[in-house]
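The paragraphs that follow lead through one protein model, element by element. Please keep the sequence and the three-dimensional view at hand while reading.

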Amino acid sequence: MTGPLPNGTSFLQVEDLSRIYPSGEGIVTALSPFTHRFPAGLTAVVGPSGSGKSTLLNLLAGFDRPTTGRVLAGDTDLHRLSEAGRADFRLANYGFVFQNHNLVTILTALENVEFPLTLAGLPRRERRERALALLEEVGLGARASHLPAQLSGGEAQRVAIARALAHNPRVLLADEPTGNLDSHTGERVLALLTAQAREGRTVVLITHDREVAALADHTLRVRDGVVTVEE
Ligand SMILES: Nc1ncnc2c1ncn2[C@@H]1O[C@H](COP(=O)(O)OP(=O)(O)O)[C@@H](O)[C@H]1O
Ligand SMILES: [Mg+2]
């Protein structure tokens, strides 16, 4: 497990990154060539639907391959790794939070949070302790043995955040994590994400919410695949 970098240090950067998709007879430029260093802290990604926000996040995660350019995470060129190498790298360095919590329905809250630690090979007792501590951190210590179906949407999303943080990732990528939550619950989820950013993680958060974007240290505005950095 690796800790976050000191504030101000950049772990994640992209160079000349672009993505073109075939579309019918033609093509869609989902992301025009973009070069950027993601500073530690919270970067909000804003822009209308279909502008290329998820495309950018999927490239940062290595879920999708760029048409040009590269993603550097530390010294690693993400797309030069093999598929399996990338999966391992992701497991060691990235946490994800999506609009839907994507919890495993047959596992309890505690088991869901433990899951990435199992993959990382942590002994059972340490796993349990860390998972429980994380559930307590997101205010759900008392829900450890609940199944996802027994949790509210906001609780499930907080479990998903605890899971995303289990292996202490340097990078946290969130694609509209509050999109399905009421505003009060959404605020609680966002407070957890901003707290992570303050600890020096690189948090990249796609959001429609202007108030959320106002909390961010940095904002990227995406329009028709073109990303601009707002100071
Ligand atoms: N896998 C894909 N194949 C073809 N076109 C895609 C694919 N993913 C996204 N697109 C297109 O790329 C553009 C940007 O999409 P997306 O990144 O999902 O936008 P956003 O997340 O901002 O709503 C859209 O025009 C979308 O239709
Ligand atoms: Mg999207």
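In helix H6, the residues Thr185, Gly186, Val189, Leu190, Leu192, Leu193, Thr194, Gln196 and Ala197 are buried, where buried means under 20% relative accessible area, exposed over 50%, and partly exposed in between, with a 1.4 Å probe and protein chains only. This is a predicted model, in which local features need pLDDT of at least 70 and side-chain atom pairs count only at pLDDT 80 or more, while totals for chains, interfaces and linings use all residues. Residues are numbered from 1 along each chain as its sequence is written, chains are lettered from A and ligands numbered from 1 in the order in which they are written, and side-chain values use heavy atoms, with hydrogens and water left out.

Helices (H or I, at least four residues) and strands (E, at least two) are DSSP runs, numbered from the N terminus. H6 covers residues 183-198, and its 16 residues reach 22 Å from the first C-alpha to the last, close to the 22 Å expected at 1.5 Å a residue; the expected span is 1.5 Å times one less than the number of residues. The cover over the buried residues of H6 includes strand E3 (41-46), H4, H5, strand E7 (171-175), strand E8 (202-206) and helix H7 (210-215), with contact meaning heavy atoms within 4.5 Å.

Just after H4, Gly139 takes a positive phi of about 80°.

Attention now turns to the sheet. Four strands form an open sheet in the order E2-E1-E4-E5, with antiparallel pairing, and two strands count as paired if DSSP finds at least two bridges between them. Strand E2 (26-38) and strand E5 (76-77) stand at the edges, each with a single partner strand, so one side of each is left without a neighbour in the sheet. Helix H1 (residues 53-61) packs on this sheet, touching strand E1 (12-23), E2 and E4, and its direction makes about 120° with that of E1; axes are lines fitted to C-alpha atoms, for helices over the stretch in contact, and angles run from 0 to 180 degrees between N-to-C directions. H1 is mostly covered, with 7 of its 9 residues buried, and Gly62, which follows H1, has a positive phi near 80°.

Within the sheet, E1 and E2 are joined by 9 bridges and form a hairpin with 2 residues between them, where Gly24 in the turn has a positive phi of about 55°. E1 also pairs with E4 over 5 bridges, and Ser18 has Thr68 in E4 as its bridge partner. Strand E4 (residues 68-73) and E5 pair over 2 bridges, with Asp77 in E5 as the bridge partner of Leu72.

Taken as a whole, the protein has 7 helices and 10 strands, and buried residues make up 52% of its 231 residues.
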